[in-house]
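Please look over the sequence and the model before reading on. The account below moves from a sheet to a ligand site and then to some single residues.

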Amino acid sequence: MNQELESRLLAAPVVPLIQADDPGVAVEIAHALVAGGLTVLEVVLRTDAALKCMQRVVDDVPDAIVGAGTVLSVDHAKKSLAAGVSFIVSPGLHVPVVETALQAKVDVFPGVATPSEAQLAWNLGLRAMKFFPASQMGGVGMLKALSSVFRDVRFMPTGGVSAANLAEYLGVPAVLACGGSWLTPKEVVEQKQFGEITRIAGDAKSIAASVRN
Ligand code: 3PG
């Protein structure tokens with residue numbers, strides 16, 4: 001894994017999602033998250049403007065390490081790489097997406113939810129993967145079961161992670177970081193309450209520090 005990415009995740013093992021229709025709003029969200037101490041950000045490909053949002057956050061928020069999320073296809077992966085992202089995240093495991101990222105020497109975290117998927121990712125050479133949707137697929141219990149056999153793999157649980165259960169997930173040593181949308185609530189974004197996003201990010205960072213330090 002890229003060393004800078006790894007050391008930032010060690011310092012604050014939380015990866016917020018940014019979903020926006022407007023690149024200017026995406027940049028404001030990113031600044032708010034960085035102000036709260038979270039600097040590894042995932043811009044998700046779920047709006048028509050997502051690629052523009054990604055590009056603007058890469059260009060305008062140099063303190064952040066920006067990844068692409070919800071990367072479903074090689075086309076998505078190539079466009080995200082062209083926007084300058086530093087890592088790629090997918091909800092599932094699609095081998096050509098993984099290969100595209102590896103060829104570009106960019107970290108890739110495909111989603112896995114079963115031992116078979118984790119084993120396929122492991123055999124592609126990956127030692128870090130997303131666990132999605134974490135809460136629905138067994139949460140902490142499933143993570144412990146997976147990490148008991150995939151002993152050199154680190155997982156990034158997302159899906160149903162929140163301030164209420166963040167400490168429990170981060171208490172599992174195999175967890176690299178937790179991701180999720182709870183840091184950027186839709187209504188808070190719509191009302192442009194960027195200070196509230198900074199507060200939520202700061203809370204998450206404090207929870208992480210209390211578990212990991
Ligand atoms: C993702 O893309 O990782 C998921 O949307 C995260 O799930 P959440 O919205 O429950 O945090």
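The paragraphs that follow describe selected parts of this structure.

This is a predicted model, in which local features need pLDDT of at least 70, side-chain atom pairs count only at pLDDT 80 or more, and totals for chains, interfaces and linings use all residues. Residues are numbered from 1 along each chain as its sequence is written, and side-chain values use heavy atoms, with hydrogens and water left out.

Start with the open sheet, where 3 strands lie in the order β6-β7-β8 with parallel pairing. The edges are taken by β6 (111–112) and β8, each of which has a single partner strand, so one side of each lacks a neighbour in the sheet. Strands here are DSSP E runs of at least two residues and helices are H or I runs of at least four, numbered from the N terminus; two strands pair if DSSP finds at least two bridges between them. In general, strands of a sheet pair through backbone hydrogen bonds, either parallel or antiparallel.

Strand β7 (residues 128–131) is joined to β8 by 4 bridges and to β6 by 2 bridges. Phe131 of β7 has Val112 opposite it on one strand and Pro157 opposite it in β8. In a regular strand the side chains alternate between the two faces of the sheet. In β7, Ala128 and Lys130 are on one side and Met129 and Phe131 on the other, and all are buried, which means under 20% relative accessible area, with exposed meaning over 50% and partly exposed in between (1.4 Å probe, protein chains only).

Thr158 counts as buried because its relative accessibility is 5%. Apart from neighbours within four places in sequence, Thr158 is in contact (heavy atoms within 4.5 Å) with Lys130, Phe131, Phe132, Pro133, Ala134, Gly179 and Gly180. Pro133 belongs to the loop between β7 and α7 (139–149), and the peptide bond from Phe132 to Pro133 is cis, with omega near -15°.

Which residues surround the ligand? They are Leu17, Arg46, Lys130, Phe132, Thr158, Gly159, Gly160, Gly180 and Ser181, where a residue is near a molecule if one of its heavy atoms lies within 4 Å of it. By class, this shell has 2 nonpolar, 5 polar and 2 charged residues; Ala, Val, Leu, Ile, Met, Phe, Trp, Tyr, Cys and Pro count as nonpolar, Asp, Glu, Lys and Arg as charged, and the others, Gly among them, as polar. An N or O atom in the side chain of Lys130 is 2.6 Å from a ligand oxygen atom. Taken alone, the ligand exposes 310 Å², of which the protein buries 80% (Shrake-Rupley method, 1.4 Å probe).

Some single residues remain. Lys105, in the loop between α5 (95–103) and β5 (107–109), has a positive phi of about 60° although it is not a glycine. Lys105 counts as exposed because its relative accessibility is 77%. Lys192 has a positive phi near 55° and lies in the loop between α9 (186–190) and α10 (194–212).

Ser80, in helix α4 (residues 74–82), is buried, with a relative accessible area of 0%. Not counting residues up to four places away in sequence, Ser80 touches Leu45, Leu51, Met54, Ala68, Val71 and Val85.

Notes: Polar contact = N/O pair within 3.5 Å; in protein donor to acceptor, adjacent residues only side chain to side chain.
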